[in-house]
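Thanks for coming, everyone. Please have a look at the chain on the screen, and then I will walk you through a few parts of it.

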Amino acid sequence: MNRLLRGGLALVLGALTMLSLPPWGLWPLGPVGIGLWLHFCNRGARRWRDRVEVAAAFWLGAYLLGLFWMTELTVPGWIAAVPVETLIMALPLSLVPASGRWRALGVPAALVLGEAVRWQVPFGGVPMSNLALGQVSGPWLGTAVLAGPLGVIALVGVGAVIVERLCAREWCAVSWPAVAAIAAPIAALAWPATTVDATVTAAVVQAGGELGTNVDTPQRSVRLRHLDTTNAWQGSTDLMVWSESSTSADGPLEASDNLAELEALAGWRDTVLIANFYERAVDAERFRNATVAINPETGLADRYDKSHLVPFGEYVPLRSVVEPFADLSLISREAIAGEGPGVLATSLGDIAVVTSYEVYFSELVRAGVQAGGRIVANPTLASSYSTSVVPSQSLASARLRAVETGRWVLQASATGYSAVVSPDGEVTHRSELRESIVLAGEVELRSGNTPALALGSWPLIVAAAVVLAWCVSTVRKRRTRAEG
């Protein structure tokens, strides 16, 4: 196959692989797309330069489609992000040998290491459109309890190796990857569940409204829609979660009339209320994204200020450099980052909380749960987007966080998707986009560790780095022998 044809095929297969992600959800295309690329584009590429080229073509195709949602915020940002993300994923895969026994371990290791780097750089990471999100409807979702999302990604790599070897008709070489792909979900099913401490009724409130209008919608209107939706609901609940930016304060929220209004609501409903404030700082040029817990009898109980901010959403990195090329009027104020784990003390006990974008970061949820959270609340806001891509990926992330922590997750979005997710990743209640609704049901307060909680991501990252280092060493030894 000539160079141009091979690059074009890699581009197409990269885009095909991204169709495994929500909202498309064609999960088999994750391992199949990568496996076909390994066989037709990467296999036999002896020179490192050739492997870099075909890997870059594959991930370029993947992220042109997979990150296209960014164009709704910033087209220049999308143009800048695609090559950066492409390079991050292409370099580890270029280190995998073109053949040999270490190839089967090198492919999963390269995917794990690439995604791990993506979740850290640039600007704190871009974990959206990652390969684990494409497996939430597949058989490997449950394995997140063992090794988190990176473990799921490793299995995507194992599946890709299976596809490659089937294409090459290497029937015997399929055996151990097939055993790993089957044994991992069985082991996950056999792992003991976390401990149920209590059962409560919980509700998430979705105020509704049109998509793509968040920035232009007055904050007062958003607050009133939340109040109207809550007041129209006739049910009762022990815990209620409102969405991100469901209310606001022009100064310290502790002194605001809107907090007093919510304290009265919590008392009238006899429920613990979790709500999110857009709190303007004293200098009026900055703000805090604060989530509060309000007890029905005592009022404000605790607050958590969002710690992992959205680049080009809540702040602008290198603003003076970017401003000449982009309209930054929508980000006129920059957020002040909070500190510490996301956990709120309430009369129901400690509740882990991650705000919006933070749900994509497993280590942030892990920190809140290890600090005592027995359930996870995720107030979020995806109404700036006019399609279902970001809302559906946010829900997929909530499902992964539920499985890896062994906790129920309550996701409250202003315009959708809002959902109640069980510890096995099942969505027991889910809204539609735009609708005004309260979702309520019984959930469990749980304690105890899962392997993913106990170990975190680093053991798998270190193992992947060791495997890739060994792959590089093996290639060098072969080259030395060939030259000798």
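**A strand, its neighbours and some salt bridges**

Let's start with strand S10. Val376, Asn378 and Thr380 point one way from S10. Ala377 and Pro379 point the other way. All of these residues are buried. Keep in mind that this is a predicted model.

What does that say about S10 as a whole? Of its 5 residues, 5 are buried, so S10 is largely enclosed by the rest of the structure.

Now, which strands pair with S10? Another is strand S11, residues 409-413. That pairing is also parallel, over 5 bridges.

Find Ser356, in the loop between S9 and H11. Is Ser356 buried or exposed? Its relative accessibility is 10%, and the cut-off for buried is under 20%, so Ser356 counts as buried. The Ser356 side chain makes a polar contact with the side chain of Thr380, at 3.4 Å. Beyond its close sequence neighbours, those within four places, Ser356 is in contact with Glu244, Lys306, Asn378, Pro379, Thr380 and Leu381.

Next topic: charges. Side chains of opposite charge can pair when their charged atoms come close. How many salt bridges does the structure hold? There are 19.

Pair one is Glu53 with Arg3. Their side chains meet in a salt bridge, 2.4 Å from N to O. Glu53 sits in helix H3, residues 48-66, and Arg3 in helix H1, residues 3-18, so the pair ties together parts that are 50 residues apart in sequence. Glu53 has 27% relative accessibility, so this residue counts as partly exposed.

Pair two is Asp197 with Arg374. The closest N and O atoms of this salt bridge are 3.6 Å apart. Asp197 belongs to strand S1, residues 195-206, while Arg374 is in the loop between helix H11 (362-370) and strand S10 (376-380), so this pair ties together parts that are 177 residues apart in sequence. Asp197 counts as partly exposed, at 37% relative accessibility. Arg374 counts as partly exposed too, at 22%.

As for accessibility, Glu254 is partly exposed, with a relative accessible area of 43%. Arg303 counts as partly exposed at 24%.

Last stop: helix H7, residues 175-190. How far apart should its ends be? The helix has 16 residues, and at 1.5 Å a residue it should span 22 Å. Its end C-alpha atoms are 22 Å apart, which agrees. The buried residues of H7 are Pro177, Ala181, Ala184, Pro185 and Ala188. What do they pack against? Their partner is helix H6, residues 144-167.

That's my tour. Over to you for questions.

Key:
Residues are numbered from 1 along each chain as its sequence is written. This is a predicted model: local features need pLDDT of at least 70, side-chain atom pairs count only at pLDDT 80 or more; totals for chains, interfaces and linings use all residues. Side-chain values use heavy atoms; hydrogens and water are left out. Helices (H or I, at least four residues) and strands (E, at least two) are DSSP runs, numbered from the N terminus. The expected span of a helix is 1.5 Å times one less than its number of residues. Buried means under 20% relative accessible area, exposed over 50%, partly exposed in between (1.4 Å probe, protein chains only). Contact means heavy atoms within 4.5 Å. A salt bridge is a side-chain nitrogen of Lys or Arg within 4 Å of a carboxyl oxygen of Asp or Glu. Two strands pair if DSSP finds at least two bridges between them. A polar contact is a pair of N or O atoms within 3.5 Å; within protein, one must be able to donate a hydrogen and the other to accept it, and residues adjacent in sequence count only if both atoms are side-chain atoms.
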